[in-house]
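Morning, everyone. Please have the sequence and the model open, and follow along with me.

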Amino acid sequence: MINYFKIILTVLFVLFATKFSLAKEIYRIGFSQCAQHGEWRKNMEAEMERELMFHNDLSLTIKQAYDDSKLQIQQINELVNSGIDLLIVSPYQIGPIQPVIEEVYQKGIPVILIDRKINSEYYTAYVGGDNYEIGKVAATYIANKLNNKGKIVEILGAQISSPAIERTLGFNETLKNFPNLHNISKIDTEESLEVISDSLTAILERDPDIGAVFAFNDDYANIASKAISNSAITKSPLIVGIDGLPNPGGGIELVEKGVLTATLIYPTGGKEAIEIASKILHQESFEKENLLSTTLIDFSNVDILRKQIHKTNLLQTDITKSQDMLINLGEKYKSQQLWLFSITITFLLVIILLVLLFRSFKTLKVANKNLERQKDELELLSKKLEKATQEKLKFFTNISHEFRTPLTLIVGPLQDLLHSSNLPSDVHQKAVLMHKNAHRLLQMINQLMDFRKIENAQMQFQPGNFDVISFLKEIHESFQALAEKKRINFTFDSTETELKVWFDWDKLDKVIFNLLSNAFKFTPENGAIQIKVKKDKPVVKTLWEDELVIKVIDSGKGIPAKYISHIFDRFYQVEHSGSKKGTGLGLALSKEFIEMHRGKIFVESKEGKETIFTVKLPIGDSHFNMDSNLLEASKILESRNHIENYEVYSDAEHDEKDAEIENVTTEKKVILLVEDDNDVRLYIKECLKENYVIHEAVNGKDALTSVEEDEPDLIVSDIMMPEMDGLELTHQLKNDLKTCHIPIILLTAKSTLEQRLEGLEEGADSYIPKPFSREHLQIRVRKLLELRNKIHERYKSQYFIDDEQGDLSRLDKQFLNKISKIVKENLQKEEFTVEELGELIGLSRVQTYRKLKKLTGMSASEYVRLIKLKVSLELIKTSGKSISEISYEAGFSSPSYFAQCFKKQFGISPSDYAKK
Ligand code: ATP
Ligand code: MG
């Protein structure tokens, strides 16, 4: 670019230089005029000015010396010093002025003498009237007019000047040719002009027959004429003057009026001086001596001359006008030239710029082409890479599936190994290491599979409307053991007690789980981790009115500011974070998951102090178009009581709580294991056999017979099995009144939501994805059985089971409600037996008994009595009848027995209750 700039500057410079060098050179001429007065000299200057019009490369400066030699010398010097190229001078007095003129000439400045000469050859040219000739013409004219005889009076001009000397010489020498003509007197005007009148009057008195008067200029001749008119003489002499000026009162007018007989034109030489100056300055040839001839004007030609002068004047006016026009035009031309010049330059600049533009455009085009080619190449490369990555991922995913089952069989037995207390410490350490790494491998595989799904757009978003608070509380609980172990103050804090939010259970679970496990990874012992939940208004305007804000705050090492922007990148782990337990996929996945919810996840951190991860989720369903199927599925999910448990990595120590509860269980419950893979079945059995009686079945069909015989308290079943799969088994059991109360846990290597939903739809009570840990399975089994106990408690205070009750199957609800109804209808029947009850329901006595026991924890008679008591409670509250009346109405044989049962059940006597 600098080069282009240089080129433009050079062009501009050249253009300006040319423009100025083309300007014309102006020659300066100085004119030193000896005197100002007198029309003749004014005419001389006017002629010069006129002539200059034809020489536009000449300029003229005129200086007036006012008949003062000293002043003239000074002025000549001034002109020379001002740098004139040529001097025109009309010297006042030869003597004093001559040296200056010679000096100027010798300096090399051309000198033109005008009208007056010097006595030296040191001048360049002379121009002036031919005075000798004038004298000669005057003498001849007078001789003619006077027929060669008579007396003449001569009125002389200033004798010091060269013209006067030459004139008188020419005049008198010519007179010598006419012997009868006598120049009788010469009047010298040197002293004053009055001398003319006085001398002439005196001469006329002496010689009244004077034939002619020859005066050296028209003014003198005019004075002479007046003197003659005033004299007494009768015959007027010829009066001849010199100059013949055309101005008013000049010689020509005087001839016209008859004041003068004739006048001799004495040319000023102004025009010629300028012509010669031009020739000298332009180095053209010229004459050194330029004598201008004279014309005699008398009565015979004055008329023609006057007309000619008039015409000349008119012409002169035209010329002046034309000249003015020319000047105007010249100025216009100049300004137009300037414009043209500017336009040309602009045009040139535009062209240069266009050329530059064109060139850069070309370069750009070439560059673009290159870029495009590179882009194409890159695209091709990236496609290849993409394909390779896809292949790799595909391979990984495929193989991941295969990894899961064997990994389960590594992790599970390892956990068992760790649990056995009699391990030597070095073996224990190694087992811990193996367990940690196997677990990590499992997690990695799960994450990789998730990514693969996201990338193939196969990751399905399956939101449901769940209570997020209990969801979070459960996760919080599952980390409690780890928190205690690390002595971390781990708190849960929420502004809401219950809050329904549409979210994908599985995904949010993974997100919160990752945030917490990160927090636990990077927070040292005795630190603090908080989960804070609140409902808030969105900061910016959104579709939804409220949002859920979950914060996971830890007092750990923090994230250095320079890494924070990468934290959500895949496989990114902060350098030297010391995190060896991860792959750097957790946050990247979390972000994807949260964005599926149209939520946000971000982080703030103070290095060495704290890290805050914030998740924001919209509340309501305005933000996604709910697919009706999805909604259905979600409802089923929602209606289930999830007892999720989380695989929090800990060094697998004994869960003391487990032991506690196990001890509480007095009689061992029966669990039926349905699994076709012998290894897995063995492993599961190992996990549970300590606390439960285990029965086994190898497929669904096998299981059905076993259920009939063994009446298990819980079934753990795989989904994928030959003959009859887990889903079919669940379906059959849950649709049979005899078996529908048995809790079923489904196991599968496929952790897809669809399968999970399918299982739940069939009525399965829980779902455990493979691979699972021993603890996970144990806790899940224990919790489900605990839940049964809780239900038993609940039925003691409630005799109608409403449809909202989520923890019982439809059939079980129907069963219990039917029993309540039958009992109420048969209150008055004293001998109402379990057989009769069973008959009315469609079950045998034993089946009824067992089912009631499993569902409510009570024997049939206990349960019937409970219903009667609940009826009595209702009656006390509403009927206003006496206690004994009520006891009979509720089907009791006596009021005392009623009071006894009532007090046992509710801890208060019926009469006290009635008072309340
Ligand atoms: P993964 O979750 O895949 O098992 P990871 O935990 O290393 O592995 P991310 O959960 O994505 O991966 O976290 C990325 C990195 O961000 C971490 O390795 C760690 O360097 C940094 N980081 C995340 N959470 C915290 C935190 N609470 N305190 C300090 N650093 C953190
Ligand atoms: Mg992580």
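**Surface, ligand, salt bridges**

Let's start on the outside. F347, I351 and V355 make up a nonpolar surface patch, and together they have about 270 Å² of accessible area. A patch here takes residues with over 30% relative accessible area and no salt bridge; like charges are joined within 9 Å, and nonpolar side chains (Val, Leu, Ile, Met, Phe, Trp, Tyr) within 5 Å. Accessible areas come from the Shrake-Rupley method with a 1.4 Å probe, and for residues only the protein chains shown count as cover.

Some ground rules. This is a predicted model: local features need pLDDT of at least 70, side-chain atom pairs count only at pLDDT 80 or more, and totals for chains, interfaces and linings use all residues. Residues are numbered from 1 along each chain as its sequence is written, chains are lettered from A and ligands numbered from 1 in the order in which they are written, and side-chain values use heavy atoms, with hydrogens and water left out.

Back to F347. This residue sits in helix α11, residues 302-419. Helices (H or I, at least four residues) and strands (E, at least two) are DSSP runs, numbered from the N terminus. F347 is exposed, at 52% relative accessible area. The scale is this: buried is under 20% relative accessible area, exposed is over 50%, and partly exposed is in between (1.4 Å probe, protein chains only).

Now the ligand. Which residues come nearest to ligand 1? Of the 22 around it, they are N518, K521, Q573, T583 and L587. A residue is near if one of its heavy atoms lies within 4 Å of the molecule or strand in question. By class, the shell around ligand 1 holds eight nonpolar, twelve polar and two charged residues. Ala, Val, Leu, Ile, Met, Phe, Trp, Tyr, Cys and Pro count as nonpolar; Asp, Glu, Lys and Arg as charged; the others, Gly among them, as polar.

Look at the atom pairs. D554 places a polar side-chain atom 2.8 Å from a nitrogen atom of ligand 1. The backbone takes part too. A polar backbone atom of L585 is 2.8 Å from an oxygen atom of ligand 1. For L587, a polar backbone atom is 2.7 Å from an oxygen atom of ligand 1. On its own, ligand 1 exposes 600 Å², and the protein buries 98% of that. Which elements give two or more residues to the shell around ligand 1? They are α14 (505-522), α16 (586-596) and β19 (610-618). α14 gives the most, with four residues.

On to charges. Side chains of opposite charge can pair when their charged atoms come close. The cut-off for a salt bridge is a side-chain nitrogen of Lys or Arg within 4 Å of a carboxyl oxygen of Asp or Glu. That rule gives 29 salt bridges.

Take K507 and D504. Their closest N and O atoms are 2.7 Å apart in a salt bridge. Buried or exposed? K507 is buried, with 4% relative accessible area. D504 is buried as well, at 2% relative accessibility.

Next, R570 and E592 form a salt bridge at 3.7 Å, N to O. R570 lies in the loop between α15 (561-564) and α16, and E592 in helix α16, so this pair ties together parts that are 22 residues apart in sequence. R570 is partly exposed at 33% relative accessibility. E592, at 28%, is partly exposed too.

Relative accessible area is 35% for E686, which is partly exposed. K689 counts as partly exposed, at 43%. There is also a network: salt bridges with shared partners join R41, D115 and R116.

E154 is buried, with a relative accessible area of 0%. What does the side chain of E154 contact? It makes a polar contact with the side chain of T168, at 2.8 Å. A polar contact is a pair of N or O atoms within 3.5 Å; within protein, one must be able to donate a hydrogen and the other to accept it, and residues adjacent in sequence count only if both atoms are side-chain atoms.

Last, the backbone. D67 is not a glycine, yet has a positive phi of about 55°. D67 sits in the loop between β2 (58-64) and α3 (69-81). E723, also not a glycine, has a positive phi of about 65°. The loop between β22 (714-718) and α21 (726-734) holds E723. E723 is exposed, at 65% relative accessible area.
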